[in-house]
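Please look over the structure below before reading the note. The points are numbered so that each can be checked on its own.

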Amino acid sequence: MSGADWTPAWLWLAVIASGLYHGISPGMGWPLAVSAGLMERSPRALFAALGPLSVGHLLATLLMLLPFALLLVLAKWQHQISTFASLLLIAFGMFRLLNRRHPRALARIPPAQLGLWSFAIALAHGAALMLVPIYLGLCQAFALDTGHEAAGALMGANLGMAVLVAIIHVVAMIAAGGSMAWAVYRYLGLKFVSRSWFNLEAGWAASLILVGVAALAFNLAD
């Protein structure tokens with residue numbers, strides 16, 4: 001199998017891996033699911049909290065992907081669009097590395113509004129933005145023959161890919177986050193989190209830059 005044949009598989013693995021990474025990170029909300037379970041004294045409350053967290057993360061991801069899906073109708077600008085997305089991710093990662101404060105607006109969202117909180121935090125942390133270069137790579141790997149396909153068909157394919165990427169990413173994210181929440185709730189307890197967890201802000205910012213650099217290198221090599 002050639003390198004080109006392996007490219008889509010690696011990109012899909014990146015979609016899943018980023019979802020698992022986001023899910024494990026406490027910044028994406030699984031501690032709130034643990035809190036809901038403990039306050040209600042019921043595992044049902046824990047799993048119920050995962051629903052709004054999933055929806056909020058999914059909407060934030062789609063908000064980032066769909067504009068690029070529409071832009072890709074301009075197939076002749078695909079290279080420039082991909083380069084811009086990679087540079088945007090690198091710039092945001094550098095910003096997060098230098099400025100790790102959360103926007104004040106996030107503190108005003110009540111924890112009870114899990115869906116809205118998840119949506120806002122995914123945008124503020126760049127979780128949704130991280131998927132954009134991966135998504136553009138998949139669109140390029142599965143590119144239609146734009147010389148013979150109508151713009152409407154190309155747009156439909158791009159939108160469908162955006163939705164599929166977002167869904168697979170969120171499924172991986174909530175599976176990892178839900179597993180962490182259940183392990184802490186059922187077996188490990190909150191003391192485990194307070195004693196053993198570490199600050200992921202620097203690692204998160206570095207991961208944004210790493211994905212952006214990798215996507216830029218892939219785009220330039222292509």
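1. Basis. This is a predicted model, in which local features need pLDDT of at least 70 and side-chain atom pairs count only at pLDDT 80 or more, while totals for chains, interfaces and linings use all residues. Residues are numbered from 1 along each chain as its sequence is written, and side-chain values use heavy atoms, with hydrogens and water left out.

2. Overall fold. The protein has 10 helices and 0 strands; helices (H or I, at least four residues) and strands (E, at least two) are DSSP runs, numbered from the N terminus. Of its 222 residues, 42% count as buried. Here buried means under 20% relative accessible area, exposed over 50% and partly exposed in between, with a 1.4 Å probe and protein chains only. Contacts (heavy atoms within 4.5 Å) with a separation of 6 or more are 85% between residues 24 or more positions apart.

3. Arg41. Which residue has a positive phi although it is not a glycine? Arg41 does, at about 55 degrees. Most residues other than glycine have a negative phi. Arg41 sits in the loop between helix H2 (30-40) and helix H3 (43-71), and is exposed, with a relative accessible area of 77%.

4. Aromatic pairs. There are 4 aromatic pairs in the structure. Rings of Phe, Tyr and Trp (its six-membered ring) pair if their centres lie within 6.5 Å; planes under 30 degrees apart count as stacked, over 60 as edge-to-face and the rest as tilted. One of the pairs is Tyr21 and Trp204, with ring centres 5.4 Å apart and planes at 25 degrees, so this pair is stacked. Tyr21 belongs to helix H1 (residues 3-24) and Trp204 to helix H10 (residues 201-221), so the pair ties together parts that are 183 residues apart in sequence. Tyr21 is partly exposed at 28% relative accessible area, whereas Trp204 is buried at 2%.

5. Trp182 and Tyr185 make a tilted pair, 5.9 Å centre to centre with 35 degrees between the planes. Both are in helix H8 (residues 151-188), 3 residues apart, and are therefore separated by about one helical turn. Trp182 is partly exposed, at 27% relative accessibility. Together with Phe47, Trp182 and Tyr185 form one aromatic cluster.

6. Ser118. Is Ser118 buried or exposed? At 1% relative accessibility, Ser118 is buried. Ser118 is part of helix H6 (residues 114-124). Not counting residues up to four places away in sequence, Ser118 touches Pro52, Leu53, Gly56 and His57.

7. Nonpolar core. The largest nonpolar core holds 45 residues, and Leu65, Tyr135, Leu136 and Val165 have the most contacts inside it. Such a core is a set of buried Ala, Val, Leu, Ile, Met, Phe, Trp, Tyr and Cys residues joined through side-chain atoms within 4.5 Å. H3 gives the most to this core, with 9 residues. Leaving aside neighbours within four places in sequence, Val165 is in contact with Trp12, Val15, Leu65, Leu131, Tyr135 and Leu138.

8. Helix H4. The 21 residues of H4 should span 30 Å at 1.5 Å a residue, and its end C-alpha atoms are 30 Å apart, which agrees. The expected span is 1.5 Å times one less than the number of residues. Among the buried residues of H4 are Gln78, Ile81, Leu89, Ile90 and Arg96.

9. Cavity. A cavity is a set of points on a 1 Å grid over the protein atoms alone where a 1.4 Å probe fits but cannot get out; a pocket is an open set with protein on both sides within 12 Å along at least five of seven lines, and lining residues have an atom within 4 Å of a point. Grid points are joined across faces, edges and corners, and a volume is the space filled by probe spheres set on the points. The count comes to 1 cavity of 30 Å³ or more, and the largest cavity has about 50 Å³ of space. Its lining includes Gly23, Trp30, Leu53 and Met173, and H8 supplies the largest share, 4 residues.

10. The largest pocket has a volume of about 360 Å³. Of the 20 residues that line this pocket, Ala14, Ile134, Val211, Ala214 and Ala215 are the closest to its centre. H10 gives the most to the lining, with 7 residues.
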